[in-house]
Amino acid sequence: MARALALAWRGWGRVQPNPLVGAVVLRDGAIIAEGWHAEYGEAHAERAALAAAGERARGATLVVTLEPCAHQGKQPACTDAVVASGVRRVVAALTDPNPVARCGAERLRAAGIEVEIGLGAEAAAAQNAIFLHTLRNEVRPFVALKLATSLDGRIADARGASRWLSGPEAREWVQWLRAGYDAIGVGAGTARADNPSLTVRGPLPPRRPPLRVVFDRHAGLGVDSALALTAHELPTVVLVEPGVRGEALRAEGVEVIEGQGLAAQLAALRARGVASLLVEGGGRLAGALVEAGLVDRFYWLQCPCWLGDGGVPAFAGVPDASIAQAPRWRVVERRALGSDTLLVSDRS
Ligand SMILES: NC(=O)c1ccc[n+]([C@@H]2O[C@H](COP(=O)([O-])OP(=O)(O)OC[C@H]3O[C@@H](n4cnc5c(N)ncnc54)[C@H](OP(=O)(O)O)[C@@H]3O)[C@@H](O)[C@H]2O)c1
């Protein structure tokens with residue numbers, strides 16, 4: 001299952017809104033074939049792995065990160081391919097929560113195949129957090145926050161400079177991360193201080209370039225900013241308070257969306273088709289989102305330097321909590337990225 005989960009990541013940036021899925025075919029305890037869902041609308045992982053196994057799949061075990069689907073969509077039902085392959089046993093991590101695709105296990109059992117579900121379920125759910133959120137919550141996108149901080153929790157130095165706090169490995173990883181999100185957002189302060197372009201510049205080209213979003217209640221984004229100057233080519237949204245027109249930005253091709261408060265603005269993004277949003281700071285927007293309970297995942301890049309009391313805090317305005325009552329998040333990943341450390345945690 002660990003191998004199947006690793007293969008599933010190969011679809012990151014390419015398969016959304018579909019789930020990431022990986023599969024292996026086992027015979028006598030050894031992997032004889034592998035597959036993954038590589039491109040939206042193309043072969044599902046099970047089908048790819050079974051095709052690679054060919055006749056050797058007869059009597060073998062299929063290990064897959066999601067219950068094989070039982071419906072004909074852009075691709076034929078995976079359960080048909082599994083039955084036709086002659087595998088004896090299927091081990092899946094997650095039940096398919098998609099109402100149109102589920103019941104695969106029942107179909108397989110009816111065909112005499114042994115089915116087990118649940119191995120590696122926690123890791124598979126963390127991997128497909130965006131897909132699972134989208135099915136459960138139709139109101140707002142999955143919201144992830146990503147911040148690089150010093151050891152003393154600062155996101156910029158006393159002059160407001162944050163380039164480059166993290167090292168090259170972490171910055172390359174951020175490019176990979178961006179490719180899997182529908183939208184990338186920043187606060188007005190960051191747009192002003194860093195003049196970011198919020199594009200994906202790594203080796204993984206996303207299937208659709210993420211929408212660029214600025215939380216900018218008064219439409220203060222400069223018409224000469226990198227975002228506004230490229231808004232005709234790359235979709236760009238500014239989220240403003242009701243009544244703010246943002247005519248100058250509209251004239252540059254920026255879409256201005258009105259909403260009263262963060263929850264309403266996120267709902268507007270969801271209504272516009274954004275299922276996942278990666279917020280990359282800064283500290284005031286991060287604090288406001290945490291305070292409002294609107295963050296599902298936090299990617300924390302911890303960088304081994306000290307910026308001191310004058311540096312910009314990673315979070316502003318998060319309300320006090322006693323240790324006993326402090327919300328505890330669930331750590332889903334810890335990893336070294338060069339000299340930086342990545343910690344990924346999810347709201348429990
Ligand atoms: N190390 C990192 O990962 C990282 C990442 C990003 C930024 N940075 C650094 O962080 C600094 C900027 O951070 P910051 O905290 O000053 O600014 P910020 O969080 O980027 O932006 C704050 C602004 O966002 C707007 N905003 C819109 N909706 C909001 C809401 N509901 N609550 C709060 N603010 C809202 C407000 O401006 P309006 O009132 O005009 O709407 C507010 O002043 C820069 O120095 C930048 O270089 C570091």
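**The ligand shell**

Helix α8 is the element that gives the most to the shell around the ligand, contributing five residues. This comes from a predicted model. The shell holds 29 residues, of which G187, G189, R217, G281 and G282 come nearest to the ligand. Two or more residues each are given by β6, β7 (154-156), β8 (183-187), α8 and α12.

By residue type, the shell around the ligand splits into 14 nonpolar, ten polar and five charged residues.

**Overall form of the chain**

The chain contains twelve helices and 16 strands. Its radius of gyration is 22 Å, close to the 20 Å that the globule rule gives for 348 residues, so the chain is as compact as a globular protein of that length.

Of the 348 residues in the chain, 43% are buried. Among contacts with a separation of 6 or more, 70% are between residues 24 or more positions apart.

In soluble globular proteins, nonpolar side chains tend to be buried together. In this chain the largest nonpolar core has 54 residues, and those with the most contacts inside it are V213, V214, L221, V238, L277 and V279. Strand β6 supplies the largest share of this core, six residues. Apart from it lies another core, of 38 residues, which includes A43, A49, L66 and A81.

Which residues are in contact with V213, leaving aside its neighbours within four places in sequence? They are A183, I184, G185, V237, L239, L269 and L277.

Helix α3 (residues 78-85) has C78, T79, A81, V82 and S85 as its buried residues. These cover an arc of only 160° around the axis, which puts them on the same side of α3. They pack against α2 (45-53), β3 (61-66), β4 (89-94) and α4 (104-110). A81 is also among the residues of the 38-residue core. After α3 comes G86, with a positive phi near 85°.

In helix α6 (residues 129-136), the buried residues are I130, F131 and T134. Seen down the axis of α6, they fall within an arc of 100°, so they line one face of the helix. Their packing partners are β6 (142-149) and β12.

**A275 and its surroundings**

A275 sits in the loop between α11 (261-271) and β12. Is A275 buried or exposed? It has 20 C-beta neighbours inside 10 Å, and therefore counts as buried.

Leaving aside neighbours within four places in sequence, A275 is in contact with P17, I130, T134, P141, F142 and D182. Of these, I130 and T134 are buried residues of α6. A275 and G317 are 42 residues apart in sequence, and their C-alpha atoms are 26 Å apart in space.

Most residues other than glycine have a negative phi, and most peptide bonds are trans.

P17 lies in the loop between α1 (2-8) and β1 (22-27), and it is one of the residues in contact with A275. The peptide bond from G281 to G282 is also cis, with omega near 0°. G282 belongs to the loop between β12 (276-279) and α12 (283-291). Both G281 and G282 are among the residues that come nearest to the ligand.

How many C-beta neighbours does N195 have inside 10 Å? There are 14, so N195 counts as partly exposed. L198 has 25 other C-beta atoms within 10 Å and is therefore buried.

Notes. Residues are numbered from 1 along each chain as its sequence is written. This is a predicted model: local features need pLDDT of at least 70, side-chain atom pairs count only at pLDDT 80 or more; totals for chains, interfaces and linings use all residues. Helices (H or I, at least four residues) and strands (E, at least two) are DSSP runs, numbered from the N terminus. The radius of gyration is taken over C-alpha atoms; the globule rule is 2.2 Å times the number of residues to the power 0.38. A residue is buried if 20 or more other C-beta atoms lie within 10 Å of its own, exposed if 12 or fewer, and partly exposed in between; C-beta atoms are placed from the backbone. Two residues are in contact if their C-beta atoms, placed from the backbone, lie within 7 Å. The arc is that of the directions from the helix axis to the C-beta atoms. A residue is near a molecule or strand if its C-beta atom, placed from the backbone, lies within 6 Å of it. Ala, Val, Leu, Ile, Met, Phe, Trp, Tyr, Cys and Pro count as nonpolar, Asp, Glu, Lys and Arg as charged, and the others, Gly among them, as polar. A nonpolar core is a set of buried Ala, Val, Leu, Ile, Met, Phe, Trp, Tyr and Cys residues joined through C-beta atoms within 7 Å.
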